[in-house]
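Trainee: Please take a close look at the charged side chains in this model. Start with how they link up, then carry on to whatever else deserves attention.

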Amino acid sequence: MADHVQSLAQLENLCKQLYETTDTTTRLQAEKALVEFTNSPDCLSKCQLLLERGSSSYSQLLAATCLTKLVSRTNNPLPLEQRIDIRNYVLNYLATRPKLATFVTQALIQLYARITKLGWFDCQKDDYVFRNAITDVTRFLQADTTHPLTKHRKIASSFRDSSLFDIFTLSCNLLKQASGKNLNLNDESQHGLLMQLLKLTHNCLNFDFIGTSTDESSDDLCTVQIPTSWRSAFLDSSTLQLFFDLYHSIPPSFSPLVLSCLVQIASVRRSLFNNAERAKFLSHLVDGVKRILENPQSLSDPNNYHEFCRLLARLKSNYQLGELVKVENYPEVIRLIANFTVTSLQHWEFAPNSVHYLLSLWQRLAASVPYVKATEPHMLETYTPEVTKAYITSRLESVHIILRDGLEDPLEDTGLVQQQLDQLSTIGRCEYEKTCALLVQLFDQSAQSYQELLQSASASPMDIAVQEGRLTWLVYIIGAVIGGRVSFASTDEQDAMDGELVCRVLQLMNLTDSRLAQAGNEKLELAMLSFFEQFRKIYIGDQVQKSSKLYRRLSEVLGLNDETMVLSVFIGKIITNLKYWGRCEPITSKTLQLLNDLSIGYSSVRKLVKLSAVQFMLNNHTSEHFSFLGINNQSNLTDMRCRTTFYTALGRLLMVDLGEDEDQYEQFMLPLTAAFEAVAQMFSTNSFNEQEAKRTLVGLVRDLRGIAFAFNAKTSFMMLFEWIYPSYMPILQRAIELWYHDPACTTPVLKLMAELVHNRSQRLQFDVSSPNGILLFRETSKMITMYGNRILTLGEVPKDQVYALKLKGISICFSMLKAALSGSYVNFGVFRLYGDDALDNALQTFIKLLLSIPHSDLLDYPKLSQSYYSLLEVLTQDHMNFIASLEPRVIMYILSSISEGLTALDTMVCTGCCSCLDHIVTYLFKQLSRSTKKRNTPLNQESDRFLHIMQQHPEMIQQMLSTVLNIIIFEDCRNQWSMSRPLLGLILLNEKYFSDLRNSIVNSQPPEKQQAMHLCFENLMEGIERNLLTKNRDRFTQNLSAFRREVNDSMKNSTYGVNSNDMMS
C-alpha cells in the first residue's frame, strides 16, 4: 500500500473525503490516494479488513468496487480458488448483514455477478463452480434479485440455456404464492420483495435472447425471441392469467411493472405457436385487455396508462388483423379500444407521450385493411374515422386553452408533431371521404373566421392568434393526409378530394402572403412548408400522372393548368419567404431545403429553369434581394450554413443550360467575384475590420461549397476550378493562417477545399499536358500543413471543447487528404522523383496530427473515426512504403488503433480496419516471401525495418488474429466477408500461435464437443495453400462461412433443447 495510507482509519477518512467533501482539491487528493491503494499489492487483504471492520458505508463501497476491479483484471487474473473464496465470502456477508446501505448491497451483488459471469466456463474437478447462481440466490430472496445480465454472447447463450428459464419459472411461482396470500404491502420488506420479484420477471422476459439488441432504448414494437424450450409456460394460459389477475389485485404502484411484463408476453415471437395455439393465446390476451378496458380505474395513473397504451400497440405489431377479427369478443373489444383512444385524444393534456402508441395501433390497423382476407367484419370503417376526427378536433380545441393559460405549445416540438402526423397520414386515408369532408368543413370555418377578423378593425389579437393556431394544425394535417397517398392505391375521386384540400391551402397562402409586409405567423409558415414538402413528394416529379384529377381541380379553382404553373407557385412562395423571413432561421432553412429538393428531379429542374422567377434568382443572388445573404446583421457565423443549400440548388439550376458558356458562368459568379476581391483588398492592408472580413469570407466559402457540390460534370467544374485557381487560392490559405484558432472560420474553408479535391462523378479529369492535378494537390498539402502545424500550437484544450476547437478541423483534413489521395488525378510517384515535398509534407502532418489524438478520441467521435479509418485504408493500400518507413512508436500507434477499431460498434469503421489490416498483412507476407527467396535484389531499407519491428513485437499481430477469430466465432459478425480477408494472412504469418489458439479454443469446450470443434478447424484450412493469391483467399472465405455455421451448431447446448434454428423459425 502507498506510504501515506497506513491504516483503516486513514482509508475511511479518504472515502469520506471522496464522497462527502465539497472542496474539489481535497476530493482530488483523496481520489489520487485511493487509486494508489487499488493498485497496491495488498489491496485484496485490506478490502476484506474494510468489509469486516469498516464503520462507514463508503468504506464498504470502496472495498466492493476494488474487489470488482480485481476480479475483472485480464492481465494477471486472480487464481480460481481465490475467486471462489471471494464469491462465498460475498454471499455470506450479504446473508449476515441484511441492513447494509442499498448502494453497498448493489455493489456487492454486482461483484457477485461479475465473478459469476467471468467464471462461467471455469471448472474445478469437472464441475462448473460458478453456475449454481439460482441455488445461491434462493437462500435469501429478501435481497435484490435483479441480475446485471451479461455482455458476452458466449456466456449469455449458455446462461440463457442453462439457467434463465429456471429463474423465470421460480419468479412466476413466487408471484403465484404472493397473489394467493394477503401480503401486508405496508411492510417495507414484503413491499420490496414483491417489487423485486416483478422486476426479476420483467428482466427475464426482457433478456436479449439472440444477441441483437444493441440499444435498449429502442425496444418498442419488436419481437421477444423466446426460446422453444419455454413453450410450455406460454401454452399454459395460467401464466398469462397470473399477470392479468395481479394487475387487478395489487395496488396501482405495482401495476406498471405488471403491464410491462404483459407487454413482453404479448410480443413473443409468432413462430413459438402453431396457428391454433396462437389463436388461443391471442384470445386470452384480448380477453385480458377487454377486462382492463371495462374496469379502467387504475388507468388514471400516468404510468399505468402509458404501459397499457404500449400493450395495445403490441396487439397489432405481433398479430395480423385477420387473426384479431376471429377472436370471439372482437367487435366489443375494438369498440372499447376506439372509445378509449377517442377519450385519450380528447384529453390531450394527459400523458401526451403515450398517444404515440395508440396512434401506431390504429396506423397498423388501417394499413392492414386492404390485405385482410377474413370473412369476419373488421369494423374499422366505423371506428377509424372516429379516431381521425378525435385527433383533429382535439388539436384544434387545444389551441385556445394553450394560448389562454400560457401552456407549452405542442407545435413547438416539431419532431413529435411530425411523428404523429406520419401516423395520422395512414389513419386518415382509411375512409378518406369522411376525413376530407371533415377537413374541408373545419378549414372553411376557420378560414372564414380568420378573414372576417382581419377585416374587422376591433378584432382582438387573441382571436386572430386562435384562428392562426387552428389553421396551422389544419395545414399540417392536410399535408400529412396528402402524403399518406403513397400508402394506398389511390382513386381518381381521392385525387379530386386532394385537389379540394390543396386549393384551400393555396388560397390561405395567398391571403397570408399579402399580409407579410405588416405581420406574419412563423408556425403557420412552417406548416405551409411541411404541406409543400408532402405535395411535392406526391404530385410533382417524373413518376406523377399529369392527368391526375388534382390538377383538373387546381385548374378549375385557381387557373393552375399544369405542373409548370404549380412549380411557379412553389418558386413564388420560396422567393417570398426568403424576402420576408430572411432573419428567421427555421423558415429560411426549410424553404431552402424545399428549393434544393425541387432542383434534384430531372424533369422538374428543366421546367423550373424556364420560369422567369428562377431566372431572376440566377441573375440576382445578392443580399439586396435575399436578406439572408447579408453579412452585417448575422448574429453569428454558424447561421450562414443555409447558404450552402441555396447555392447547391442554384448550381443545379445553372447547369441545366450552362454547357460550355463561360460568359454565362462569369455573369453568375459576379457577386462571388466581388466578395473575393473585397476580402483580398482587406488582406492587402495592415489594418482591416476583422469581423467584416470573417463574415464576408465565411459566407463566400459556404456559397462556393454549394456550387462545387452541384457542379458534378467535368465541363462546369473546370470553369469553377479555373476561376478559383490560382487567383483566389492564396486568400483561402491566408484565412487559415490568420484564423486557425477559430473553427467558425476554418471549418467552412477546410470543407470547401475537401469538396474541391473530391473527384465526384469523375469531374476532375485534366488533359494529358495539364499540371493542374499536381498543382491542386500542392495547394491541398499546403493547407493541411499550415492548418496542422498551427492547430498543434493550441496547447491543452478543455475536454468539452476539444472536438469543436481541434478534432473537427483535423477530421476534415483527414477527409481532404483521403479524397486527394484516392481521386486518381495525381501520379504521386513523381513527387519524390522531382524532389517535390508536397506529398511528404502532407503525410508527415497527418502523422503529427494523429499522434496528438488519444486513442480513445479516435473512436469516441464518429466523424473523426470515419475520416481517419478511411484515410488509413487508402494509405495502407497505396502508400504502404510510407507506413513502413515510420518510427516504431508510430507504427505501434497505428496498429493499436486498427486493433481497437476491429471491435468498434460502427460497421463502417470495423470494415475499414479489416481492409487496413489486410493491406498491412499482405505487404508483410510479400516482404517475408521475398526475403526468403534467393534473389540478388535486397529488400529496401523501409521494408527491412518494418519486418524487424513486426518481428520484435509479434504480440500486436497475434492479438489481432485472436480478436478477429473471437468475433467470427462468438459474436454477431455483420461483416464476415471483410473479417475473412485479413484472417488468412494473419494465420499464415503466425502459424504456431494460430495452432496454440486453436487448441485453447478446443480445450475450452465441454469434453463431448471438443472433437467437433477440432474438426471445424481442420475443415477451415482444408485445401488452403501458403499464399495470398485471390483464388486461395476466395476458397478461405468460403471455408470460413462453413466454419462459422459449424462452430455455431457445435456450441449450441443440446442438453436444454434450444437451438438457433428453432428460435428463429
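Mentor: Start with a network. Salt bridges link Asp-444, Glu-500, Arg-504, Arg-553 and Glu-556. Bear in mind that this is a predicted model. Side chains of opposite charge can pair when their charged atoms come close. In this structure the count of salt bridges is 36.

Now take individual pairs. Asp-513 and Lys-573 form a salt bridge, with N to O at 2.8 Å. Asp-513 belongs to helix H22 (residues 492-514) and Lys-573 to helix H25 (residues 563-580), so this pair ties together parts 60 residues apart in sequence. Where do Asp-513 and Lys-573 sit, buried or exposed? Both Asp-513 and Lys-573 are buried.

Next, Asp-836 and Arg-778. Their side chains meet in a salt bridge, again described N to O, at 2.8 Å. Asp-836 is in the loop between helix H38 (829-833) and helix H39 (838-851), while Arg-778 is in helix H36 (residues 772-791), so the bridge ties together parts that are 58 residues apart in sequence. The two partners differ in cover. Asp-836 has 18% relative accessibility and counts as buried, because the limit for buried is under 20%. Arg-778 has a relative accessible area of 42% and is partly exposed.

A local pair comes next. Glu-737 and Arg-734 make a salt bridge at 3.7 Å, N to O. That distance qualifies because the cut-off is within 4 Å. Glu-737 and Arg-734 are both in helix H34 (residues 729-739), three residues apart, about one turn of the helix. Glu-737 is partly exposed, at 30%. Arg-734 is partly exposed too, at 32% relative accessibility.

Charged groups also meet rings. Arg-429 places its charged end over the ring of Tyr-432, 3.9 Å from the ring centre. Arg-606 lies over the face of Tyr-602, and the distance to the ring centre is 3.9 Å.

That leads to the rings themselves. A pair of aromatic rings is described by the distance of the centres and the angle of the planes. The count of aromatic pairs is 37. One of them joins Phe-168 and Phe-234: stacked, 6.2 Å centre to centre, 5° between the planes. Phe-168 is in helix H8 (residues 153-180) and Phe-234 in helix H10 (residues 231-235), so the pair ties together parts 66 residues apart in sequence. Phe-168 is buried at 1% relative accessibility. Phe-234 is buried at 4%.

Compare the geometry of Phe-646 and Tyr-647. Their ring centres are 5.4 Å apart and the planes stand at 80°, so this pair is edge-to-face. Phe-646 and Tyr-647 are both buried. A cluster of rings is also present: Phe-531, Phe-532, Phe-535, Tyr-539 and Phe-570 group into one aromatic cluster.

Check its length. H14 is mostly covered, with 12 of its 16 residues buried. The buried ones include Glu-307, Arg-310, Arg-314 and Lys-316, along with Phe-308 and Leu-311. What covers them? The cover includes helix H12 (255-266), helix H13 (275-294), helix H15 (321-324), helix H16 (330-346) and helix H17 (355-368). Asp-301 caps it, with a side-chain oxygen 3.1 Å from the backbone nitrogen of Asn-303.

Finish with the backbone. The peptide bond from Tyr-725 to Pro-726 is cis, with omega near 5°. Pro-726 sits in the loop between helix H33 (714-724) and H34. Two positive phi values are worth a look. Met-379 is not a glycine, yet its phi is positive, about 65°. Met-379 lies in the loop between H17 and helix H18 (380-405). Ser-761, also not a glycine, has a positive phi of about 55°. Its place is the loop between helix H35 (743-756) and H36. Ser-761 counts as exposed, at 53% relative accessibility.

Conventions: Residues numbered from 1 in each chain as written. Predicted model: local features only at pLDDT ≥ 70, side-chain atom pairs only at ≥ 80, totals over all residues. Heavy atoms only, no water. Phe/Tyr/Trp six-rings, centres within 6.5 Å; stacked < 30°, edge-to-face > 60°. Helix = DSSP H or I, 4+ residues; strand = E, 2+ residues; numbered from the N terminus. Buried < 20%, exposed > 50% of the residue type's maximum accessible area, 1.4 Å probe, protein only. Lys NZ or Arg CZ within 6 Å of the ring centre and 35° of its normal. Contact = heavy atoms within 4.5 Å. Polar contact = N/O pair within 3.5 Å; in protein donor to acceptor, adjacent residues only side chain to side chain.
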